[in-house]
Amino acid sequence: METVTITGSDVETREELKAVISRAIQSASPKGKRSDLAGEGEYTCNNVFRGLAIIICNENFKEPNKPRRCCDDDLQLTKETFSNLKFLVLAFKDLTGRQIDLVLDIAAGKEEFHMKSDCFACVVASHGNERHRPVDDKQPPGLYFRDHCVYGIDNEPVATKQIVKKFSEVTSLKNKPKLFFIQACRIVPNGICSIDEGHTVSVDPSNFQDEVILKNADDIPEPSFFDRLFGRKTNTIDTTKIIRVLDPPCDDDCLIVYSSNSEKESYGRHDSYINGGWMLISLYNAVDKYLQALQMKTIDHIDIIDVLYEMTSYVAKRMEVNLKETEYHHRKAAVVFEHCFHRELYFK
């Protein structure tokens, strides 16, 4: 079924968005032959529907943000990817920060549809950043949290953490996999805009039972741990040092995949150059590869973790930054994913 892309200027109110999403869900077709009962350690995927896939791609921003020339390619690739996996796809283009919130709130509220679904998926392709969280009175001195966010076309930020939270709290999606693909920069404020500076992974305090005391926030090690880690002789706090922590938003039964800057030229289908997000191109190719294997019956299911490994391999081998600046030319940018899956997720 052809997937229509809804532009933000055509659905400016909550009522208009609710009507669009409700009509799409009412017209949803069952995914066809149901999978066999899930084996031990697998998520159940024998519901009537595969699930809802919300795709949001932003292209035309207010200044100072530049247009994302790859937007239409992102939309096309992503719609094909999730349609081929039998999701009900709802695609939106050029949403403001408020509209992004509204679309996701309305989608999260479709409890009856989620109850009959295997899982949920969300793709947001836009400009992004890491923003400093307002300082809390209980926050230790010198410690600052950062939260990743994506931007609406009005440059209003929407925290990735809040996007994930909207669906991790949906009752009918409890114990079901929720997939989030964030095609946006992960850049520290005032950092270099053209190059991804990486992804911060929190230290698990359970590995350092005698060294770590938690103070009003998760995963905040006391200076004594850092002293030993870096070979310092004293436990005195160096007040000139500022610790910045990226607070990861991954909740139970959630998968979050992050990409890098989406405006570079990258290899696309049939080895031709197109303007598209590295992550979304590699996702399309990985899913397509396994769908073909499924059709040829060389495999009997698609393992989402295998798809993710294929994605990261595709980017590492075939994609690189194409910038005039010599110091950045031909650099790689990694796809990063994290999950809190308690079972295996197989598409059959």
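A search of the whole structure, which is a predicted model, finds 10 salt bridges, a salt bridge being a side-chain nitrogen of Lys or Arg within 4 Å of a carboxyl oxygen of Asp or Glu. Side chains of opposite charge can pair when their charged atoms come close. Because the model is predicted, local features need pLDDT of at least 70 and side-chain atom pairs count only at pLDDT 80 or more, while totals for chains, interfaces and linings use all residues. Residues are numbered from 1 along each chain as its sequence is written, and side-chain values use heavy atoms, with hydrogens and water left out.

Three of these pairs are set out here.

| Salt bridge | Closest N and O atoms |
|---|---|
| Lys-348 and Glu-42 | 3.2 Å |
| Arg-50 and Asp-118 | 3.5 Å |
| Asp-101 and Lys-166 | 3.3 Å |

The pair of Lys-348 and Glu-42 links distant parts of the chain, for Lys-348 is in the segment after β15 (346–347) and Glu-42 is in the loop between α1 (14–26) and β2 (49–57), 306 residues apart. Here helices (H or I, at least four residues) and strands (E, at least two) are DSSP runs, numbered from the N terminus. Lys-348 is partly exposed at 32% relative accessibility, whereas Glu-42, with a relative accessible area of 17%, is buried; buried means under 20% relative accessible area, exposed over 50%, and partly exposed in between, with a 1.4 Å probe and protein chains only.

Arg-50 and Asp-118 form a salt bridge that also links distant parts of the chain, with Arg-50 in strand β2 and Asp-118 in strand β4 (residues 117–125), 68 residues apart. Arg-50 is buried at 3% relative accessibility, and Asp-118 is buried at 0%.

In the salt bridge of Asp-101 with Lys-166, Asp-101 lies in helix α3 (residues 97–108) and Lys-166 in helix α5 (residues 160–168), so the pair ties together parts that are 65 residues apart in sequence. Asp-101 counts as partly exposed, at 29% relative accessibility.

The protein chain has eight helices and 15 strands. Seven strands form an open sheet of mixed pairing, in the order β1-β3-β2-β4-β8-β10-β14, where two strands pair if DSSP finds at least two bridges between them. At the edges stand β1 (5–7) and β14 (336–339), each with a single partner strand, so one side of each is left without a neighbour in the sheet. Neighbouring strands of this sheet are turned against each other by 15° on average, direction ignored; axes are lines fitted to C-alpha atoms, for helices over the stretch in contact, and angles run from 0 to 180 degrees between N-to-C directions. Within the sheet, strand β8 (residues 178–183) pairs in the parallel sense with strand β10 (residues 254–258) over five bridges, and Leu-179 stands opposite Leu-255 in β10. Helix α3 lies across β2, β3 (88–93) and β4, running at about 175° to β2.

In soluble globular proteins, nonpolar side chains tend to be buried together. The largest nonpolar core here has 41 residues, and those with the most contacts inside it are Ile-54, Phe-92, Phe-167 and Phe-180; such a core is a set of buried Ala, Val, Leu, Ile, Met, Phe, Trp, Tyr and Cys residues joined through side-chain atoms within 4.5 Å. The elements giving two or more residues to this core are α1, β2, β3, α3, β4, α5, β8 and β10, and the largest share, seven residues, comes from α3. Leaving aside residues up to four places away in sequence, Phe-180 touches several residues, among them Phe-120, Phe-167, Cys-254 and Leu-255, contact meaning heavy atoms within 4.5 Å. A second, separate core of 39 residues includes Cys-45, Ala-91, Leu-280 and Ile-304.

The count of disulfides comes to zero, a disulfide being a pair of cysteine sulfur atoms within 2.5 Å. Cys-45, which is buried at 5% relative accessibility, is in no disulfide, and the nearest cysteine sulfur, that of Cys-119, is 5.9 Å away. Cys-254 is buried at 0% relative accessibility, and its sulfur is 5.9 Å from the closest cysteine sulfur, in Cys-250, too far for a bond.

Over the protein chain, buried residues make up 49% of the 348 residues. Of the contacts in the protein chain with a separation of 6 or more, 71% are accounted for by residues 24 or more positions apart.
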